[in-house]
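Notebook open. I want to look up the ligand sites, then some helix packing.

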Amino acid sequence: MKSWLITGGCGFIGSNFVRMAAEMEAGRIVVLDSLTYAGSLSNIAELTTRGRVEFCKGDICDGALVNDLFGVHGFDCVVHFAAESHVDRSILGERPFLRTNIEGTYVLVDAARRAWRNDPHEKRFIHISTDEVFGDLGPDDPPFAEGTPYRPSSPYAASKASADHLVRAWQRTFGLPAIITNCGNNYGPWQFPEKLIPLMILNAIEGRELPVYGDGKQMRDWLHVADHCRAIMTVVNRGEIGATYLIGGDDARTNLDVVHRICWAVDAELDRAPGTSAKLVRHVADRPGHDRRYSLDAAHLKTSLGWRPVENFETALPAIVRWYVEHKNWANELRTGAYRQYYERQYAGR
Ligand code: NAD
Ligand code: TYD
């Protein structure tokens, strides 16, 4: 029976993982989350009310709190999702990114190393990172692999790259039993509405403009959040200490392709005439420093641990659109005044 610390478990990927862990694994699960704009306790409400998951509202940068949690719960597995995660917000203001992603990761690795120093066996620290640490690819470059040099473009990516370096250094120097995973762009239920896919689904449902940055030919490697969570669980149970695993869905698409498929799926779900939502597409000024192409080679994870993605963007999309239609109240509760201010700042006059 493991004792788990899951940071950022009220965010998009974290809440999907907490749900999976609560179903698959016995043992105690503690979620540490400061509930920033991106975190919502309602994402895991059914698990906390059943007593299956213990929630602690707190900041990963609070060393005293984190050390105290290790002392009380004697964790043997940490899965670290907590982060400031949106590139556009990191361009508007980088400070929270440097604080949470770098300082917060430092607090966690150091607390884990101290707590586990006499008995690191059977312990695991899984650091959830991104393919954005590698920068972008030219049209003919091979996909990112575990040895690809770091070349982050955005403040977000630079802060995640720094965090990865800390985790790797703590593993190498202090023997922290750590593993790093770098995944592609996730999609699925419970994603905060500022990210491409939920933003386009919700705007299309509401008949609002669909703002595509630049020419929309940027490519991302899309990964269903359920496939991602299964990959993380595989790494928790069988991953090699000190290793890095890239997690990709083998589903690279341009942003325009993604947006047009969302338009078709929304029209179909709402019984609208085909082509209705596509009329809302508007090309807007590009993101500064916008990475052109990401693509991942997940061969290491596939061959060494036998994981494979089972979902596919095209076949998963209708169910995802339906999920956002059915969870409009959830989305409306998140799109508060602060969110509307962010939206205005990000998109008005663009
Ligand atoms: P998210 O923004 O939806 O959730 C982040 C969570 O962390 C929120 O619940 C928030 O309240 C919490 N948090 C933020 N700062 C905190 C702090 N200082 N202390 C405690 N909690 C704090 O993010 P996500 O999309 O679920 O991403 C999870 C992880 O996966 C991140 O580390 C991100 O870098 C990585 N990742 C995400 C994607 C993606 O497509 N979403 C892709 C690659 C990697
Ligand atoms: P995003 O979901 O922000 O993820 P990331 O920047 O981490 O890849 O964006 C995915 C892609 O969609 C990225 O190329 C930027 C683009 N994009 C738009 O064209 N319009 C938008 O309104 C948003 C949010 C993103």
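I count a residue as near a molecule if one of its heavy atoms lies within 4 Å of it. The model is predicted, so I keep its limits in view: local features need pLDDT of at least 70, side-chain atom pairs count only at pLDDT 80 or more, and totals for chains, interfaces and linings use all residues. Residues are numbered from 1 along each chain as its sequence is written, chains are lettered from A and ligands numbered from 1 in the order written, and side-chain values use heavy atoms, with hydrogens and water left out.

**Entry 1: ligand 2**

A side-chain N or O atom of glutamate 132 is 2.4 Å from an oxygen atom of ligand 2. For arginine 287, a polar side-chain atom lies 2.6 Å from a ligand 2 oxygen. Tyrosine 213 uses a polar backbone atom, 2.9 Å from an oxygen atom of ligand 2. The protein buries 96% of the 510 Å² that ligand 2 exposes when taken alone; I use Shrake-Rupley areas with a 1.4 Å probe.

I took helices (H or I, at least four residues) and strands (E, at least two) as DSSP runs, numbered from the N terminus.

I sorted the shell with Ala, Val, Leu, Ile, Met, Phe, Trp, Tyr, Cys and Pro as nonpolar, Asp, Glu, Lys and Arg as charged, and the others, Gly among them, as polar.

**Entry 2: ligand 1**

Here 28 residues surround the ligand, and Ile13, Asp33, Ser85, Tyr156 and Lys160 are the closest. A polar side-chain atom of aspartate 33 is 2.6 Å from an oxygen atom of ligand 1. The corresponding value for tyrosine 156, also from a polar side-chain atom to an oxygen, is 2.7 Å. Ligand 1 has 840 Å² of accessible area on its own, and the protein covers 96% of it. The shell holds twelve nonpolar, 13 polar and three charged residues. E5 gives the largest share, three residues.

**Entry 3: H7 and H9**

I fitted axes as lines to C-alpha atoms over the stretch in contact, with angles from 0 to 180 degrees between N-to-C directions. The axes of H7 (residues 196–206) and H9 (residues 255–269) come within 10 Å and cross at roughly 40°.

Conventions. Polar contact = N/O pair within 3.5 Å; in protein donor to acceptor, adjacent residues only side chain to side chain.
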